[in-house]
Amino acid sequence: MDTAPPSSLIELAHRFGVATSYADWTGRPVTVTASTLISVLDALGVAAGTDGERAAAIADKDRDHWTRALPQVIVGRSGATTPFWVHVTHGDPARLWLRLEDGSVRTGLRQLENNRAPFDLGSRLVGEATFELPADLPIGYHRLHLQVGSSDIHTTVIVSPSSLERPNRLGSGRAWGLATQLYSVRSGNSWGVGDLTDLTDLAVWSATCHGAGFVLVNPLHAAAPTAPMEPSPYLPTSRRFVNPLYLRVEAVPEFAYVRHRGRIRRAQAQVQVRADRSEQIDRDRAWKVKREALESIYLVELSAGREIGYQGFRDREGRSLDDFATWCALAERYGGDWHQWPEELQHPRSEAVAEFVEEYASTVDFHRWLQWLVDDQLTTAQASAVQAGMELGIMHDLAVGVDPDGADAWALQDVLALGVAAGAPPDEFNQIGQDWSQPPWRPDRLAEAAYEPFRALVAAVLRHAGGVRIDHIIGLFRLWWIPKGAPPTEGTYVRYDHEAMIGIVALEAHRAGAVVVGEDLGTVEPWVRDYLRDRGLFGTSILWFEMDRDGAGGPLPAERWRETCLSAVTTHDLPPTAGYLAGEHVRLRDALGLLTRPAEEELAGDQAQQQAWMSELRRVGLLDSGDNDVDSVVLALHRYLGRTPSRLLSLSLADAVGEVRTQNQPGTTDEYPNWRVPLGDPQGQRVLLEDVFTDARAATLCEAMRAAVKPPM
C-alpha cells in the first residue's frame, strides 16, 4: 500500500505546480500518493525518488531561477502596469528597453523598490531588481532587452486585452446556433461523410431561414491519413491542421481541368451508395476514394495566381506545415505510430528526416497542398456564413490534446510530457474517471518556448472562425495527469500559468474578432468561472447539469443562470434529448460497466431529476399539465433556455431531427461506435442534409431558438 508523501516530496511537488491534495467532485479531501507524485515529477524531468534527489532538485530549481537574467516570458494586461524581476551580478548596472511588435522602441522603464538579499551562486553574488511595464503598452507580442556590458539578453512580453470585447456584429445582443457533428451530416453530393460544403450550406440555411448566429462544429482537426482512421475528433493526430476528409472534391478549382471527371463522379456515387447501406460512418472507405480523386487533381498545373496563393500559404505556415506534411508521408510509409519508426526518424530535426523529405518531396508536398485546399474551403464557409447574416459564423472546437503517436506529438515532443496522460478525475457522470491517453503540455517547456506552440495553435483554430469553443478549458488552469499504467483515479492536478494561457487566447480572439466559449464543466474550482467571466470569455451551461446545489435543490431557476455563457440542453457526451428522456445514458453506461452504483439506483435518481425539470417547465408555463409527449418536452426545454440571461444559446442538430442515439460514450473506445453514428430520425433512419432543410420538427425548434434570442418587437 502506498505511503503518505514525505514533506520533502510535498515541498518539491509544490515548487513544480503539482497538487499533493485536492477535493473530489463530492467535496471530499483526497491526498495524492507518493508514487503518483514521483511519476508526475519524473514526467516533468525531475528525479524525486529519494530524499537526496529531492534536495538536489530543489537546489537546482533555485539555481536556475537566480541564473536566469530575465523571466522566460512576461505576461501583462492592457491598461495595467506589470512588475517583473531582473537578475544581474550584484552591483552591476542594467539597461532595459522594449522593442514593440510594430518595431518601435520604448525606454525608461520604471524601477520599483526591491530589498531582497542577493543570492550566492558560489562564483558570484546575484542581485535582484524589480521594474514594471507601463500600462499604455499595446496588446501584442513584444521583446524586452536587457543590456549588461556588451551582452544583450532578451525575453518575450505578451500583453493581452484586460477583457475580451464581443465582436461588433454580436454587440450586447444574443445569438443562437446549431451544434453539429459535421462528419454525420451527409448531403446527396458529399462523399459518404459530411464535408465543408455541407457545413457552408447548413450555415446559410440556418441563418437565412431561421436567423441563426453561428454553427458550432466538432473539432475538424487532422486524423492520420492511414487506415483505420481515428474516428474521435477529440483524439486528433494534429490540432494545428485540418482533416482533408472534410474536403469537397468538386469545390477544388482545379477539378474543372481534370480529364477524367466522369470517373471521379462515378467514384463519388459509389461511395455514397455504400454509405446508404452502412449502419456506421466508414471514414476509411470515404478517404480512400476521396484521396484517389484528389491525387488526380494534384497533377493539374496551378494557374499563376493560384501558384502565388499556394506559395504564400506555405510561407505563412512555415515549419509547422512542413513537419505535419512530413509526418503524414512518413506515416503512410512506416505506419501511424512514430514510436515504431526507425529510431533515426523519430525526431523531426534529424538528418534522416531531411533525407526522407528530399527523396519523397512530391508526397510531402501533396499533404501540404491538401491543407491549402482545406484553408480555401474553410475561408468560403466562414465568409458565406457571415454573408448570410450570421453574427459570428462558424464556431470551431479546440480539442484538449492529441494522439500520443501522431503528428503533433512527434513534431512537438520537446514541449510535451511523456510518461503521463491527460484525463479527468471521477465525477458525477464519469464515476471511474477518464484517461484521454493524450500527452499534456509541459508548463515549464511552454514557458521556455515563450508559448509559441500554443500561440500558433490558437491562431490557427481562429483563422476562419467567429468563435471557438475550448474543450475542457479548465485544463489551461490545472490538468489531471495520470501516470502511465495507472487508472484515472491515481492521477493528480498540475498547474499551468493560466494568466499566460488565457491571455494568449484573449489576444488571438481579439485579433480574429471572435468570441471564446470555455467548456467549464466537471470538477471546477469556483474562482475559475469568475476569472473567465472577468476576462470576457464565455462559460458553458448544460441544462441537465444546472441544479440548485446551494438552495433547495432541484433545477436552477432560469433567471439565475450565467449571462456570459453558451447554454444548451445537451452535449455530445450525452444522448440527444429524446434519448436522455428515455434514460439511454444510464442503460448504456450500465451495459458497458461504467456505473459505480446499481443501475436501478442510477435510473431512480435520473427519473427524479427529470421529474423535477418537468415540474419546473410546468411552473413557468412552458409545458401543460400531463403533457409528456417527447416532442413537446424537447421543445419546452429549448424554450426554457430563452428564459435564461445567457448570451449564446445552442440547439443540437441531433435534437432538431429527433435523433435518439448517443454520438459518444465517455470512458469507451470500441465498446460503442463512438463518433460513427450517422445523423438519423427518431426511428434511426438516415437523415440527409437536404432532409433537414424541409424537416418540420427542425423548423419548429429553430424558430423557438430564434424567438428566444430575438423576441418580436
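Guide: On a 1 Å grid over the protein atoms alone, a cavity is a set of points where a 1.4 Å probe fits but cannot get out; a pocket is an open set with protein on both sides within 12 Å along at least five of seven lines; lining residues have an atom within 4 Å of a point. Grid points are joined across faces, edges and corners, and a volume is the space filled by probe spheres set on the points. This is a predicted model, in which local features need pLDDT of at least 70 and side-chain atom pairs count only at pLDDT 80 or more, while totals for chains, interfaces and linings use all residues. Residues are numbered from 1 along each chain as its sequence is written, and side-chain values use heavy atoms, with hydrogens and water left out.

Visitor: What is the volume of the largest cavity, and which residues lie nearest its centre?

Guide: Its volume is about 450 Å³. The lining has 36 residues, and Ala179, Gln181, Thr571, His572 and Ser652 lie nearest the centre. The structure holds 6 cavities of 30 Å³ or more.

Visitor: Which elements each supply at least two residues of that lining?

Guide: They are β12 (175–180), β13 (214–217), β23 (539–542), β24 (565–568), β25 (648–652) and α19 (653–656). Helices (H or I, at least four residues) and strands (E, at least two) are DSSP runs, numbered from the N terminus.

Visitor: How do the residues of the lining of the largest cavity divide by class?

Guide: Ala, Val, Leu, Ile, Met, Phe, Trp, Tyr, Cys and Pro count as nonpolar, Asp, Glu, Lys and Arg as charged, and the others, Gly among them, as polar. By this rule the lining of the largest cavity has 18 nonpolar, 12 polar and 6 charged residues. For the second largest cavity, of about 90 Å³, the division is 7 nonpolar, 3 polar and 2 charged. Its lining includes Tyr183, His221, Glu230 and Arg283.

Visitor: What is the volume of the second largest pocket, and which element gives the largest share of its lining?

Guide: The second largest pocket has a volume of about 890 Å³. Of its 30 lining residues, Arg15, Lys61, Asp64, Gln72 and Asp444 are the closest to the centre. Two or more residues come from each of α3 (51–67), β3 (73–77) and α11 (443–448), and α3 gives the largest share, 7 residues. The lining of this pocket has 14 nonpolar, 4 polar and 12 charged residues.

Visitor: Why do β18 and β21 stand at the edges of their sheet?

Guide: Two strands pair if DSSP finds at least two bridges between them. The open sheet has 4 strands in the order β18-β17-β20-β21, with antiparallel pairing. β18 (434–438) and β21 (492–495) each have a single partner strand, so one side of each is left without a neighbour in the sheet.

Visitor: How many bridges join β17 and β18?

Guide: Strand β17 (residues 420–424) pairs with β18 over 3 bridges, in the antiparallel sense, and thus meets the rule of at least two bridges. Gly423 has Asp435 in β18 as its bridge partner.

Visitor: In what order do the 5 strands of the other open sheet stand?

Guide: The order is β3-β11-β10-β5-β6, and the pairing is mixed. Here β3 and β6 (105–107) are at the edges because each has a single partner strand. Strand β5 (residues 95–99) runs antiparallel to β6, joined by 3 bridges, and Leu98 has Arg106 as its bridge partner in β6.
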